Amino acid sequence: ILELYVGSARLSRAFAAQGVSAEAWDIDYGGENDLLKEANLQRVLRLLRCGTVCFLWLAIPCSSWSRARRHDGRGPGPLRDDGEHLWGFDHLVGKDLARIQEANRLVKNSCRIIREAVK
């Protein structure tokens with residue numbers, strides 16, 4: 001299996017414990033696992049092309065996509081909506097803008113990965 005954005009990597013560890021080959025990728029494991037870097041993205045795409053991956057799991061980071069970000073006065077407000085501003089509100093600046101841009105790139109790269117996986 002190939003697990004991307006693994007966090008705790010529980011899925012990969014569970015498969016490995018059963019003797020199934022499992023590869024876990026997460027930025028927390030170092031820059032060689034950063035799927036914002038084109039070279040790393042190409043490594044994942046090559047893994048999928050070679051036909052050895054029979055199961056792909058992605059858990060895209062939710063920092064800017066989370067429903068927990070809302071206008072309730074108790075936490076950070078939303079950075080996007082479900083309609084016209086799916087890719088981020090126009091007024092964002094600084095850290096919020098950077099967070100949106102990074103999250104959008106991860107989603108787009110994930111779409112590339114999924115497209116390769118279903119070929």
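Among contacts in the protein between residues at least 6 apart in sequence, 42% join residues at least 24 apart, where contact means heavy atoms within 4.5 Å. The model is a predicted one, in which local features need pLDDT of at least 70 and side-chain atom pairs count only at pLDDT 80 or more, whereas totals for chains, interfaces and linings use all residues. Residues are numbered from 1 along each chain as its sequence is written, and side-chain values use heavy atoms, with hydrogens and water left out.

The protein contains three helices and three strands, arranged along the sequence in the pattern β-α-β-α-β-α. Helices (H or I, at least four residues) and strands (E, at least two) are DSSP runs, numbered from the N terminus. The C-alpha trace spans about 50 × 25 × 25 Å along its principal axes. Of the 119 residues in the protein, 31% are buried; buried means under 20% relative accessible area, exposed means over 50%, and partly exposed lies in between (1.4 Å probe, protein chains only). The accessible surface comes to about 7600 Å², and carbon and sulfur atoms account for 54% of this surface. Accessible areas come from the Shrake-Rupley method with a 1.4 Å probe, and for residues only the protein chains shown count as cover.

Charged side chains number 18 positive and 15 negative, and the centres of the two sets lie 2 Å apart. Lys and Arg count as positive and Asp and Glu as negative, while His and the chain ends are not counted. The place of a charge is taken as NZ of Lys, CZ of Arg, CG of Asp or CD of Glu.

The largest nonpolar core has twelve residues, namely Leu2, Leu4, Tyr5, Trp25, Leu35, Leu36, Leu41, Val44, Leu45, Leu48, Leu106 and Ile113. At least two residues of this core are supplied by each of strand 1 (2–4), helix 2 (38–49) and helix 3 (94–117). Helix 2 gives the largest share, four residues. A nonpolar core is here a set of buried Ala, Val, Leu, Ile, Met, Phe, Trp, Tyr and Cys residues joined through side-chain atoms within 4.5 Å. One member, Ile113, touches Leu4, Leu35, Leu41, Val44, Leu45, Leu48 and Leu56, when residues up to four places away in sequence are not counted.

Another core member, Tyr5, lies in the loop between strand 1 and helix 1. Tyr5 counts as buried because its relative accessible area is 11%. Ala9 is placed in the loop between strand 1 and helix 1 as well, and its relative accessibility of 5% is why Ala9 counts as buried. Most residues other than glycine have a negative phi. For Tyr5, however, phi is positive, near 60 degrees, and for Ala9 phi is likewise positive and near 60 degrees.

Helix 1 (residues 10–17) includes Arg13. A polar atom of the Arg13 side chain lies 3.1 Å from the backbone oxygen of Ser8. Arg13 and Glu23 are ten residues apart along the chain, and their C-alpha atoms are separated by 9.1 Å.

In helix 2, Glu38 is partly exposed because its relative accessible area is 41%. The side chains of Glu38 and Arg112 are joined by a polar contact of 3.2 Å. A polar contact is a pair of N or O atoms within 3.5 Å; within protein, one must be able to donate a hydrogen and the other to accept it, and residues adjacent in sequence count only if both atoms are side-chain atoms. Glu38 and Asn109 are 71 residues apart in sequence, and the C-alpha to C-alpha separation is 9.0 Å.

Two further residues belong to helix 3, Arg99 and Asn104. Arg99 counts as partly exposed because its relative accessibility is 34%. Leaving aside neighbours within four places in sequence, Arg99 is in contact with Ser63, Ser64, Arg69 and Leu79. Between Arg99 and Ser63, which are 36 residues apart in sequence, the C-alpha to C-alpha distance is 7.8 Å. Asn104, in turn, counts as buried because its relative accessibility is 9%. With neighbours within four places in sequence again left aside, Asn104 is in contact with Trp65, Arg80 and Trp87. The side chain of Asn104 reaches the backbone oxygen of Trp87 at 2.7 Å.
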